[in-house]
Amino acid sequence: MARTNRRWERAPVAFKDLRAFLKKIEAADTLVRVKKEVDFDQEISAAIIKAGAAALFCEKVKGYDIPVVANLFADRRKIELALALQTKNPIEEYLKRLEKLKPPRLVRDGPVKENIVTGNKLDIPAALPIPVVNEKDGGRYISSGIIVAKDPEYGYNLALHRLQIKGKNRAGIYMSELQHLHLYYKRAEERNEPLEIAVVIGCDPSLYLASVVTGPPDLDEYAVAGALRGAPVETVKCKTVDLMAPAHAEIVLEGKILPHKREPEGPFGEFSKYYGPQGNRPVVEFTALCHRDRPLYQTIYLGRRQRDNVFLTSLPKAADLYRAAKEVAPEVKDVYLTPGGCGRYHAVISMKKMFEGEPKLVLSVVLAHRIGVKHAIVVDEDIDIYDPHEVEWAMATRFQFDRDSFFLNDTPIHLDPSSAFKRKTGLLTSKLGMDATLPLDVAYPQVCDVSKEVMKKVEDNWQRYLEG
Ligand code: MN
């Protein structure tokens, strides 16, 4: 076991930047290149949908000379490539890495500073091919911006927040009260100060994964990214704000969230695949645009046919649930947050049940977790939790609604459209736990299959069977 740990010490992932990761995807997976010019208004989104699970490179966007890349997290394979996860249980390996936080390393200079625009020359919508993501969005949105901020007590925070472009150097921002950036902003506002931010667009994938990790507010996501990639993130000092930004980022916007100012923001198509409504929300004023020579604009599509956002968030969230579930049931094997459940609302857990009732302990922990799982199902370890037909089969043949399920009523939830109809205030939802494991104490009909020996014989010699 110690040897496995050392292997990761010696062989860090450490993609230096987005470009290195793109090269890896092109070599080990699929990268679709769109050569025809596309419009930023929804046409990038349509191309992303058309590419399916393949990564996408739009070479020309009308009116811009910056290419757009997308779908870099469009399936589990790419998440595993991003972190060089190679074992049968990526969650275990991911959690192992997280144990060794690696703070960032400040360096004097980096490619992100190759071009810096400040002051009156700033015109962000003219400079960057920022998309209109969905038809009824309130405008052009940066959906792939990692917001870097610092609090005097809590330190650095990196998280994805949507930004609605509102002018040459202005944007609206959405922060849920459950998120750390909101806490940082409220604390700055109490001091009557703006909250300085840096917005990172396009970078090493470990930073994107770190930006969706849940944890305490003083968890430095730069150090999380360092842990995930197996080497510290190199950072540089920003030009106009007192923050560090990734030295190898493609694009960094610098600015501040203004105190005591609210303006309409939204609507915006969210991870739930519904538009989140317009509301009065905080405002960002930008002070600088920094980018590499020939930068790439990385985007994340959210909407009805989304993939990127779901798979980016599902591993860190599944790992959180796995850790919590394992505390009550050590023989929990794996956790999956399904794409149909928007990578958040539906959890499937596989386990080796040691005694009756144990799955209900697991379900209680999973449904209580602040990630916001609505429906959770526990299955035996012979079920492939990544195959929806297998999970459905377990439900169909190992589950009795009255005996094996329980509810939690009126519990808090994040952005669930159906919760709004429960009460005028919204935000409260019903949760359902389902135990679809086989009973231990009853002689159950056996699963039918051909013998392992015969199956192996045919599998190993399949070519000869075809040739006769
Ligand atoms: Mn945080």
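Modeller: Along the chain, the donors of the manganese ion follow the spacing N-x22-H-x40-E. Donors are N, O and S atoms within 2.8 Å of the metal (3.2 Å for Na, K and Ca); water is not among the atoms, so sites may look incomplete. This is a predicted model, in which local features need pLDDT of at least 70 and side-chain atom pairs count only at pLDDT 80 or more, while totals for chains, interfaces and linings use all residues. Residues are numbered from 1 along each chain as its sequence is written, and side-chain values use heavy atoms, with hydrogens and water left out.

Biologist: Which atoms coordinate the manganese ion?

Modeller: Asn157 (OD1), His180 (ND1) and Glu221 (OE) do so, at 2.1 to 2.3 Å.

Biologist: Are asparagine 157 and histidine 180 buried or exposed?

Modeller: Buried means under 20% relative accessible area, exposed over 50%, and partly exposed in between (1.4 Å probe, protein chains only). Both asparagine 157 and histidine 180 are buried. Other buried residues of H7 include Leu181, Tyr184 and Ala188. Helices (H or I, at least four residues) and strands (E, at least two) are DSSP runs, numbered from the N terminus.

Biologist: What covers the buried residues of H7?

Modeller: Contact means heavy atoms within 4.5 Å. The cover includes strand S7 (146-151), S8 and helix H9 (221-229), among others.

Biologist: What follows H7?

Modeller: Asparagine 192 follows H7, and its phi is positive, near 60 degrees.
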